[in-house]
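User: Hi! Could you walk me through this structure in plain words?
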Amino acid sequence: METVKTEVQIDSDIQEFVPRFCQSRKSDLENLSKQLASGDFTGIAKIAHVIKGVSRPYGFPTLEKLAVDLEKAALANDSATCASMYQKMNDYLKKYTIN
Amino acid sequence: MTKILVIEDNIETQYLLKKILVPTYDVTMASDLKSAWECIESQDWDIVILDRSLPDGDGLELCLKLKKLNLEYKFSIVMLTAYGELDEKIKGLSAGADDYVVKPFEPRELLARLEAIQRRRMATSNNFHSTINLANLIINMETHAVSARTGKDQTTSIDLTPIEFKILLTLVKNYGKEISRESLVQVVWDKINLSERNIDTHVCHLRKKINLGQLAIKNRRNKGYYLTREEQPSTQTPAFMTAAATNTPSTLPYSERN
């Protein structure tokens, strides 16, 4: 598994689960990419909803904000903003994952 | 130890909750509504932490289902969800949740809210009254003995079966309000799929036994059974209802004493 670091410091108890968290987010991004391609805004909103609820405790507050914006854009069927948020999330996670 | 059932499908949230709760509570996880309902039917719980976005439905449905069945809550419900808008909070609390926590949550806040719920639960159980008086009926909650005042300083004992007692208690606690057969089946047998006609026989026997002047069990078609005073419609508050005793919530229609 890749090495990850968190944006903010978190409880050491939670730290051990962060790599798995990031792995899940990678899967989310893969699914988001497919949903963007097919215009599945409901699917995008669902994934964004989950990410928004779980990112901050694992040390990724900015990811939470991106997910909030992504969910709003998906609920508004705004494909341009969805694509932009997806890209930002992608870049963000790469920043915190060190090979 | 306080038993908590967590109904949550997201693995990261489950992990977080385990880390936060396990040192203090006895925690069980359910990942969907189906398994959650099996847990609820098979064991007693103190608190249920309930997510909304579940694979087989909205957690709100569980709350509404319990409310519809008019079950006396044996547990408190804390909704834990990323739906943070005001309307959603109102929906959740109106559906029967005792508290509503928005994700992402602060672990210390969640723990503090759970402690607050525990304090409320303990305060309620400490106020558990040993006797209920409704009209001329006296129900001893410790021994389950039921009697009726039949004259000055005179009481007559009423011999009820355990099932009749459960039915009577449910009707007393919901005085004037219709309780469906389905709900009574659930209260008595803790099952949903039993024939509702089983209840009619027991109600028939119960009616005869408590028919000592002041109270009657009536049936409103398609709604259910309700307890009322003979000459009063069920929607009116009977004049004979005693005022709330000390430490008794003022909304109770009957008096309870320690």
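This is a predicted model: local features need pLDDT of at least 70, side-chain atom pairs count only at pLDDT 80 or more; totals for chains, interfaces and linings use all residues.

User: How many residues of chain A are in contact with chain B?
Analyst: On chain A there are 17, and they meet 14 residues of chain B; contact means heavy atoms within 4.5 Å.

User: And what area is buried between chain A and chain B?
Analyst: About 1,400 Å², with carbon and sulfur atoms giving 62% of that. Buried area is the accessible area (1.4 Å probe) that two parts lose on being put together, summed over both.

User: How many salt bridges are there between chain A and chain B?
Analyst: The count is 2. A salt bridge is a side-chain nitrogen of Lys or Arg within 4 Å of a carboxyl oxygen of Asp or Glu. A:R25 forms one with B:E12, and their closest N and O atoms are 3.4 Å apart.

User: Which helices of chain A supply the side that touches chain B?
Analyst: α1 (12-15), α2 (18-38) and α3 (41-54) of chain A each supply at least two residues. The largest share, 5 residues, comes from α3(A). Helices (H or I, at least four residues) and strands (E, at least two) are DSSP runs, numbered from the N terminus.

User: Back to A:R25, what does A:D28 do with it?
Analyst: Their side chains meet in a salt bridge, 2.7 Å from N to O. A:D28 and A:R25 are about one helical turn apart because they are 3 residues apart in helix α2 of chain A.

User: New topic: what is the strand order in the sheet of chain B?
Analyst: It is an open sheet of 5 strands in the order β2-β1-β3-β6-β7, with parallel pairing. Two strands pair if DSSP finds at least two bridges between them.

User: Which strands stand at the edges?
Analyst: β2 (26-30) and β7 (99-102) of chain B do; each has a single partner strand, so one side of each is left without a neighbour in the sheet.

User: Which residue stands opposite B:K3?
Analyst: B:D26, in β2(B). The parallel pairing of β1 (residues 3-7) of chain B with β2(B) runs over 5 bridges.

Methods
Residues are numbered from 1 along each chain as its sequence is written. Chains are lettered from A and ligands numbered from 1 in the order in which they are written. Side-chain values use heavy atoms; hydrogens and water are left out.
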